[in-house]
Amino acid sequence: MMKKLYKNVFVTVGTTEFQDLVRVVSSVAVLQQLSVLGCETLTIQFGKGEELNVEHIQKLTSIRLSAYGLKSSIGEDVSRADLVISHAGAGSCIEVLEAGKPLIVVVNETLMNNHQTELAERLSKDKNLFYCSPDTLLQTLAASDLKQLEKLAPGALDSFVNHLDTFMGFR
């Protein structure tokens, strides 16, 4: 019998909206792949985006679904998760990695001056996460060995955060 490694999956888009990620993660194909990975519960934080029709999506899968827009902290959801699928916002990535959770980052390619790709590439190069676009999430879930990911080393992001602060004009 297969061990259910990723029983609780949490998806977050942060405080904005990222309909492409919400749409793909609630698609039949991705729900089936999550089920293959052992997912039993899926929580989707859709931010300021369109509210999900959980009742309709629930008819497509045996995974228990829940969804919400915004709340003061996603810390509890991250801590309960066995796998997190997130937008590539720096705050979300850092919170998930510091919690020691496997992370797949989905880059929003429609953003201008997209620092998200730079962050995702750097953390992927260090084997802290896998990253993809909404169009390649299914393939990433199917092909990535999440057990190969390495925990974030203490202080590992300090130089990158300094670089990001400079890039964003905070320094």
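This is a predicted model: local features need pLDDT of at least 70, side-chain atom pairs count only at pLDDT 80 or more; totals for chains, interfaces and linings use all residues.

Me: Start with serine 86. Which strand is it in?
Reply: Strand 4, residues 83-87.

Me: Buried or exposed?
Reply: Buried. Serine 86 has a relative accessibility of 0%.

Me: What does serine 86 touch, leaving out residues up to four places away in sequence?
Reply: Thr12, Leu21, Ser92, Leu103, Ile104, Val105 and Val106. Leu103, Ile104, Val105 and Val106 belong to strand 5, residues 103-106.

Me: How do strand 4 and strand 5 run, and how many bridges join them?
Reply: They run parallel, joined by four bridges. Within that pairing, histidine 87 sits opposite valine 106.

Me: What pairs with strand 5 over three bridges?
Reply: Strand 6, residues 130-132, also in the parallel sense. There, valine 106 stands opposite cysteine 132.

Me: And the faces of strand 5, which residues cover them?
Reply: Leu103 and Val105 are on one side, Ile104 and Val106 on the other. All four are buried, so both faces are covered.

Me: Now the core. How many residues are in the largest nonpolar one?
Reply: 30 residues. Those with the most contacts inside this core are Leu21, Leu34, Leu42, Ile85, Leu137 and Leu141.

Me: Which elements give two or more residues to this core?
Reply: Strand 1 (8-12), helix 1, helix 2 (28-36), strand 2 (41-45), strand 4, strand 5 and helix 7 (137-143). Helix 1 gives the most, with four residues.

Me: What takes a positive phi just after helix 2?
Reply: Glycine 38, at about 100°.

Me: Same topic for helix 6. Which residues are buried?
Reply: His115, Gln116, Leu119, Ala120 and Leu123, in a helix that spans residues 115-125.

Me: Why do they count as being on the same side of helix 6?
Reply: Because they cover an arc of only 135° around the axis.

Me: What comes just after helix 6, with a positive phi?
Reply: Lysine 127. Its phi is about 60°.

Me: Last one, glutamine 19. Where is it found?
Reply: In helix 1, residues 19-25.

Me: Why does glutamine 19 count as buried?
Reply: Because its relative accessible area is 18%, and buried means under 20%.

Me: What does the side chain of glutamine 19 reach?
Reply: The backbone nitrogen of glutamate 50, at 2.9 Å. Leaving out residues up to four places away in sequence, glutamine 19 touches Gly49 and Glu50.

Terms used. Residues are numbered from 1 along each chain as its sequence is written. Side-chain values use heavy atoms; hydrogens and water are left out. Buried means under 20% relative accessible area, exposed over 50%, partly exposed in between (1.4 Å probe, protein chains only). A polar contact is a pair of N or O atoms within 3.5 Å; within protein, one must be able to donate a hydrogen and the other to accept it, and residues adjacent in sequence count only if both atoms are side-chain atoms. Contact means heavy atoms within 4.5 Å. Two strands pair if DSSP finds at least two bridges between them. A nonpolar core is a set of buried Ala, Val, Leu, Ile, Met, Phe, Trp, Tyr and Cys residues joined through side-chain atoms within 4.5 Å. The arc is that of the directions from the helix axis to the C-beta atoms.
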